[in-house]
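Keep the model open in a viewer and follow the stops below in order. Each stop says what to select and what is found there.

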Number of protein chains: 2
Amino acid sequence: MYGYQPGIRHVIALAVALACTGAAHALDPLPSWRDGAAKSGILAFVEDASHEGVQGFIPAPQRIAVFDMDGTLIPEKPLPAAVLPIVADVRTAVSRHPELREKPAVSALLAGDLPALQATGQAGLVSVVAAAVDDRTVEEVERDTAVAQRKLPNPRFGRPYTALAYRPMLELLALLRAHGFSIWICSGSPLAFTRGLALEEFGVAPSQVIGSSLATRLATKDQRTVLVYTGAIEQVTDKEGKPPAIHRAIGQRPAFVSGNVGGEGDLAMMRYSQDRDGASFQLLINHDDAVREFAYAEPGHASLDAAAAHHFTVVSMARDWLALFNDPPPREAAGSPPGE
Amino acid sequence: MYGYQPGIRHVIALAVALACTGAAHALDPLPSWRDGAAKSGILAFVEDASHEGVQGFIPAPQRIAVFDMDGTLIPEKPLPAAVLPIVADVRTAVSRHPELREKPAVSALLAGDLPALQATGQAGLVSVVAAAVDDRTVEEVERDTAVAQRKLPNPRFGRPYTALAYRPMLELLALLRAHGFSIWICSGSPLAFTRGLALEEFGVAPSQVIGSSLATRLATKDQRTVLVYTGAIEQVTDKEGKPPAIHRAIGQRPAFVSGNVGGEGDLAMMRYSQDRDGASFQLLINHDDAVREFAYAEPGHASLDAAAAHHFTVVSMARDWLALFNDPPPREAAGSPPGE
């Protein structure tokens, strides 16, 4: 159901990027990060974590790093990657089940009203996806919808989300892996639409992806045992739902967690990580780069306030990241980039 | 929360066992298996799975092996490992919430009526455990109950379940790992009581264990962020609940599945594995060894009938296994073994 060469694409891209940065940066594992507190904090943490005897040492099986996906590894504006490809599916579902139109998230999606859609929260988005996959098999949804999703362009950048990984975060994943960390993704988006992207873009195996899950039931179709989506929601893995989902999937508190501002989605798993026995690191991405990406946060700046109170490390996309995307600068869909 | 040296114990035991079997068996990866259809079928499958170009080749990321635990890797009679240690916890819970006594599984447990308890099925057992852990943190249950559980003796053999791994199955796990398979356990027993045992006895990491899960909620206790059991059941991973749980946790159909007769618990995941694209193997353990262990099956022999219909490979514990337990023969609690 998934490809066989996880991560090859970004490994090659990174190797090329490293080879091109010249001798001065050849030994810098985070060349896209500006020197500063965030970068030096990360480097010190991974060094200590992998050196037995020092205070910050973390035994290898406990070197678990959990990343949010939308807004942390790829853009989540103007809309998360999981939403784009299901509009057609939702129209089909509504034609069969007109009562679906009563769901606020469904009506907002069909009206193209993104603010109203996002106001329904992660649970609203998941309910839309549940409607869109109802009565299809797991394999049909992967083949007919998820594969297509990975080719649809982000409306602002004109390129698919699989080409919009943040380059500094790819460098961070490689650094953590090189120091024996296992990489997990814990996203509020439905597993059906995060696993393929996580594998293709970040080399994260389907079994290392935690996400909102849609109920399935065993059935027989064309004389074959299959799993069919029932239309029900099993779990929504957002906010305070993330630590229980991490416990269920991993069984240990993560030592490293990264999330982003905008929806308070990652604060709970950051606190859960911080209160483990032993060293830990929490990294909060601040979307403050309206020029290269987007500038947004919660109305009351809840995530930044929590970061200050709990001593989470904050990354300014505008100031701390020298490069934003892994691939050459994307052409903006709404116009030409400066200087072109 | 768990130890740092998964599997060392059984790796050493196996190395010693292999060293002692002499030259004739030195190259046999399954020395406790009698030559026959089951053994040769397994050996041919793993050889083909790991040799690119042959028909049965399985790409490495798809080499996923899923084992049931109770009755497949360790005995499940006279009662499953998860039940024994919670009797005291259930008494405490009932004294606080007398209405729990109305649950058939709870009253059967308190009455010591094992047949009545087992008649409530996996869901009944899980409901007992949910009552026993209610309102405690994940870490408290691990420390106060699960650790103790791993020391309590099985009533027939007088030794803890951690010393009752089936030796032929340990050899099979080692063989699969040597051929690039990742090992998962999918048990109907609650995660809270399977993960520690899986790590200690089989070297299976907590993140590779799938099981019935009890709901938790984020809370603060002694100024620390913790997960507290709510007393609710999230999912029961038995029978037709196993394939959806495998999909949620792994995201791929397993290529190798092993389960056992007795409760029809593993037939659904065997069919789910068999209908994957590509080679697969299903191994059903038949408990037909009343002398060394137990002889039991479903009243209508549903598992054996399904195995015949679907061409699953059946293992006779009495005939196919030369040795039963990994460690020296256990002393029977109810008397001395023959010859002593």
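Buried here means under 20% relative accessible area, exposed means over 50%, and partly exposed lies in between, with a 1.4 Å probe and protein chains only. Helices (H or I, at least four residues) and strands (E, at least two) are DSSP runs, numbered from the N terminus.

This is a predicted model, in which local features need pLDDT of at least 70, side-chain atom pairs count only at pLDDT 80 or more, and totals for chains, interfaces and linings use all residues. Residues are numbered from 1 along each chain as its sequence is written, chains are lettered from A and ligands numbered from 1 in the order in which they are written, and side-chain values use heavy atoms, leaving out hydrogens and water.

**Helix H6 of chain B**

Select residues 121–133 of chain B, which form helix H6. Its 13 residues reach 19 Å from first C-alpha to last, close to the expected 18 Å (1.5 Å times one less than the number of residues). Eleven of the 13 residues are buried, so H6(B) is largely enclosed by the rest of the structure. Among the buried residues are B:Gln122, B:Gly124, B:Leu125 and B:Ser127. B:Asp135 follows H6(B) and has a positive phi, near 75°.

**Chain A as a whole**

Now select chain A, which holds 13 helices and seven strands. Of its 340 residues, 55% are buried.

**Helices H10 and H11 of chain A**

Select residues 242–249 (H10) and 267–274 (H11) of chain A; their axes come within 8 Å and cross at roughly 55°. Axes are lines fitted to C-alpha atoms, for helices over the stretch in contact, and angles run from 0 to 180 degrees between N-to-C directions. Show the side chains of A:Lys242, A:Pro243, A:Ile246 and A:His247 in H10(A), which meet A:Ala268, A:Met269 and A:Tyr272 in H11(A).

**A:Gly263**

Move to A:Gly263, in the loop between strand E5 (256–260) and H11 of chain A. Is A:Gly263 buried or partly exposed? At 38% relative accessibility, A:Gly263 counts as partly exposed. Beyond its neighbours within four places in sequence, A:Gly263 is in contact with A:Lys239 and A:Glu298 (contact means heavy atoms within 4.5 Å).

**The two copies**

Finally, show both chains: a rotation of 180° with 0.0 Å of shift along its axis superposes chain A on chain B, with RMSD 0.0 Å. The two copies are thus related as by a two-fold rotation axis. Superposition is by least squares on the C-alpha atoms of residues with pLDDT of at least 70 in both copies. Select A:Ala249, the residue of chain A that comes closest to the rotation axis, at 3.5 Å (C-alpha).
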